[in-house]
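Please keep the sequence and the three-dimensional view at hand while reading the points below.

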Amino acid sequence: MSDTQAYLENRPPTVAVLFLERVAATPNAEAYRFPVPAADGQGADDWKSLSWGQAAERVFAIAAGLIALGLQTEERVALASNTRVEWILSDLGVMCAGGAVTTVYPSTNADESAFILADSESRVLIAEDAKQLAKARERRADLPKLEHVVVLDAADAVAADGDPEGWVLSLAELEARGKEYLAKHPAAVKERVSAITSDQLATLIYTSGTTGRPKGVRLPHDNWSYMAKAMVATGLIGREDVQYLWLPLAHVFGKVLTSGQIEAGHVTAVDGRIDKIIENLPIVQPTYMAAVPRIFEKVYNGVAAKARAAGGAKYKIFQWSVGVAREYAKVTQDNFRRTGQASAPFGLATKHKIADALVYSKLREAFGGNLRAAVSGASALAPEIGYFFSGAGIHILEGYGLTESSAASFVNPGEAYRTGTVGKPLPGTEVRIADDGEVLLRGPGIMQGYHRQPDKTAEVLESDGWLHTGDIGELSADGYLRITDRKKDLIKTSGGKYVAPAEIEGQFKAICPYVSTIVVHGADRNFCSALIALDEPSVLTWAADNGLEGKTYGQVLAAPETERLIETYVQTLNEGLQRWQTIKKFRLLPRDLDVEHGDLTPSLKLKRPVVEREFKHLIEEMYEGSREA
């Protein structure tokens with residue numbers, strides 16, 4: 001047995017045990033950093049820290065408080081909050097109490113929130129603020145199992161007429177109860193932790209489906225214990241790292257990062273405010289962070305738009321540097337693959353050094369200056385964007401996983417990463433490609449099944465443990481996986497040709513600096529078309545320099561000049577596509593796609609059926625008069 005196998009197989013049954021081990025090993029080391037906004041709301045945030053020992057005091061108080069409320073083994077506690085340090089402390093508190101967390105996105109509406117709380121039979125809801133409390137209160141009659149709402153923001157923990165006595169309390173009050181309970185039963189939490197078994201339910205995550213009600217994915221304690229050990233076994237994270245964590249913790253991608261951190265013992269800076277990312281990076285100076293492709297696309301488009309606005313020589317230098325970065329990344333990655341050395345020819349290396357001084361170094365500083373690697377997941381990153389960042393010294397390691405596989409099934413291996421692939425499987429995870437190209441996974445990270453839905457479970461989980469991912473992929477001879485599309489998203493035109501929309505969409509995002517989202521359509525049609533949403537800041541900057549200054553976003557989108565601009569990029573895209581893949585017609589959407597309108601999931605993945613349904617009139621307009629074969 002190899003050292004890695006032994007390391008994985010000797011894992012404890014739960015992350016709760018790993019947490020206790022981490023606290024015992026490094027009680028005074030920094031665990032979490034978090035911002036405290038200025039009292040007047042105007043000044044800079046004041047960043048505070050918690051050591052592992054201080055974090056444990058709060059985790060134990062939360063766990064004991066829940067035990068005092070009567071929480072029993074595997075009973076659910078729902079968590080509806082944005083990403084903040086209290087989310088992590090509460091999650092660990094529920095785990096250490098032997099309960100199971102039901103994650104709820106704070107953006108979820110009252111109806112769907114009520115469904116999740118009822119389906120999971122959650123006894124306690126930990127709500128961020130008055131807004132989340134109001135959702136539960138509005139549907140309380142439909143939630144007979146919900147006995148308490150714990151509010152993170154103490155000022156919002158206010159009972160209303162009609163609330164049962166003790167139904168609402170603040171997190172501070174819960175922790176106070178926990179401390180009182182521990183004074184009488186000092187071993188209560190450790191006894192709960194020691195009684196947890198590996199197959200006991202730890203987390204219930206409801207997938208944000210594009211149609212119908214979401215399904216609850218049952219993830220036992222062993223999933224997270226395995227993930228924590230496997231992530232460290234890859235060598236990608238270590239004791240000296242500083243992680244910047246802003247991803248939604250209700251999503252499996254964000255949640256898995258909290259497990260890996262405990263095993264590694266490094267610092268995590270926690271702040272879920274997306275509008276603060278650019279401001280926070282120079283403050284946090286992370287060595288690694290995880291993000292979704294949409295964030296990297298926005299950074300790329302923002303930099304490109306700023307360079308274009310500068311005009312003249314500066315824009316030409318930027319365009320030249322983009323080409324150099326991509327060429328340098330492709331050459332060095334290919335050489336590393338063949339020789340183990342990320343080398344480049346003298347001429348290219350010289351150009352890269354000049355471009356680094358002019359462009360890349362400034363981009364790295366914007367990421368805090370210490371970024372060793374960024375992990376990208378949840379959906380595919382356009383390869384040309386990945387190559388640009390790689391050549392600029394911002395190494396984006398694409399990974400792959402599902403809620404049903406505890407998020408991290410594949411990740412690119414450090415220096416040996418290959419842009420355009422999702423890397424190799426984590427130690428202990430098996431993969432095979434089915435006859436129809438579908439990726440199948442098996443291993444300790446796979447879910448138990450869908451909550452109370454055995455028929456749905458049987459559709460994706462075979463009796464021998466193989467999970468059908470629904471993704472189409474290809475494995476290289478040396479084990480690197482490339483995802484080509486979602487099985488259900490593949491388009492078959494009326495002419496019988498198959499088209500992978502995500503591949504075309506990724507290429508367009510690398511070409512057009514103004515695009516926010518593109519949706520390629522063409523199933524059962526005789527040509528492909530596209531709905532295109534433009535990034536508001538980028539296109540308004542262009543508009544101001546092209547005779548449309550003072551126009552609103554809507555007016556710019558409706559202007560014929562804007563359509564002609566995007567037409568040039570569509571033509572460039574088509575030059576690199578097969579005839580049946582080309583975009584014959586497109587329409588600009590009247591607004592950007594977002595979570596609030598239901599176009600994107602909370603993890604910023606596209607909901608194709610929703611978008612195609614909402615903008616059906618534009619699609620039909622493009623095909624009006626066309627002959628269907």
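Leu201 stands opposite Pro220 in strand 9. The model is a predicted one, in which local features need pLDDT of at least 70 and side-chain atom pairs count only at pLDDT 80 or more, while totals for chains, interfaces and linings use all residues. Residues are numbered from 1 along each chain as its sequence is written, and side-chain values use heavy atoms, with hydrogens and water left out. Helices (H or I, at least four residues) and strands (E, at least two) are DSSP runs numbered from the N terminus.

**Strand 8 and its partners**

- Strand 8 covers residues 201-206, and six of its six residues are buried, so the strand is largely enclosed by the rest of the structure. Here buried means under 20% relative accessible area, exposed means over 50%, and partly exposed lies in between, with a 1.4 Å probe and protein chains only.
- Strand 8 and strand 9 (residues 216-220) run antiparallel and are joined by five bridges. Two strands count as paired if DSSP finds at least two bridges between them.
- Strand 4 (residues 100-104) runs parallel to strand 8, and three bridges join them.

**Strands 18, 20 and 21**

- Three bridges connect strand 18 (residues 438-442) with strand 20 (residues 467-475) in the antiparallel sense. In this pairing, Leu440 lies opposite His468 of strand 20.
- Strand 20 also pairs with strand 21 (residues 481-486), again antiparallel, through five bridges. Gly473 is the residue that stands opposite Ile483 in strand 21.
- Strand 20 and strand 21 form a hairpin with five residues between the strands, where Gly479 has a positive phi near 95 degrees.

- An open sheet is built from three strands in the order 24-25-26, with mixed pairing.
- Strand 24 (515-521) and strand 26 (583-588) are the edge strands, each pairing on one side only.
- On average, neighbouring strands of this sheet are turned by 25 degrees against each other, direction ignored. For such angles, axes are lines fitted to C-alpha atoms, for helices over the stretch in contact, and angles run from 0 to 180 degrees between N-to-C directions.
- Strand 25 (residues 528-534) and strand 26 run parallel, joined by five bridges. Ile532 has Leu588 of strand 26 as its bridge partner.
- In a regular strand, side chains alternate between the two faces of the sheet.

**A nonpolar patch on the surface**

- Ile317, Trp320, Ile354 and Leu358 make up a nonpolar surface patch with about 330 Å² of accessible area together. Helix 13 (312-339) and helix 14 (346-366) are the elements that give two or more residues to this patch.
- Patches consist of residues with over 30% relative accessible area and no salt bridge, with like charges joined within 9 Å and nonpolar side chains (Val, Leu, Ile, Met, Phe, Trp, Tyr) within 5 Å. A salt bridge is a side-chain nitrogen of Lys or Arg within 4 Å of a carboxyl oxygen of Asp or Glu.
- Accessible areas come from the Shrake-Rupley method with a 1.4 Å probe, and for residues only the protein chains shown count as cover.
- Ile354 belongs to helix 14 and is partly exposed, at a relative accessible area of 44%.

**Cysteines**

- Zero disulfides are found in a search of the whole structure; a disulfide is a pair of cysteine sulfur atoms within 2.5 Å.
- The closest cysteine sulfur to that of Cys512 belongs to Cys528 and is 18 Å away, too far for a bond.
- Cys512 is buried, with 0% relative accessibility, and Cys96 is buried with 0% relative accessibility.

**Selected loop residues**

- Glu74, in the loop between helix 3 (52-68) and strand 3 (76-80), has a positive phi near 70 degrees although it is a residue other than glycine. Glu74 is partly exposed, at 27% relative accessibility.
- Gln285, in the loop between helix 11 (277-284) and strand 12 (288-291), is a residue other than glycine with a positive phi, near 50 degrees. Gln285 counts as partly exposed, at 38% relative accessibility.
- Asp545 sits in the loop between helix 18 (536-544) and helix 19 (553-558), and Asp545 is exposed, with a relative accessible area of 51%.
- Asp545 and Leu618 are 73 residues apart along the chain, and their C-alpha atoms are separated by 29 Å.
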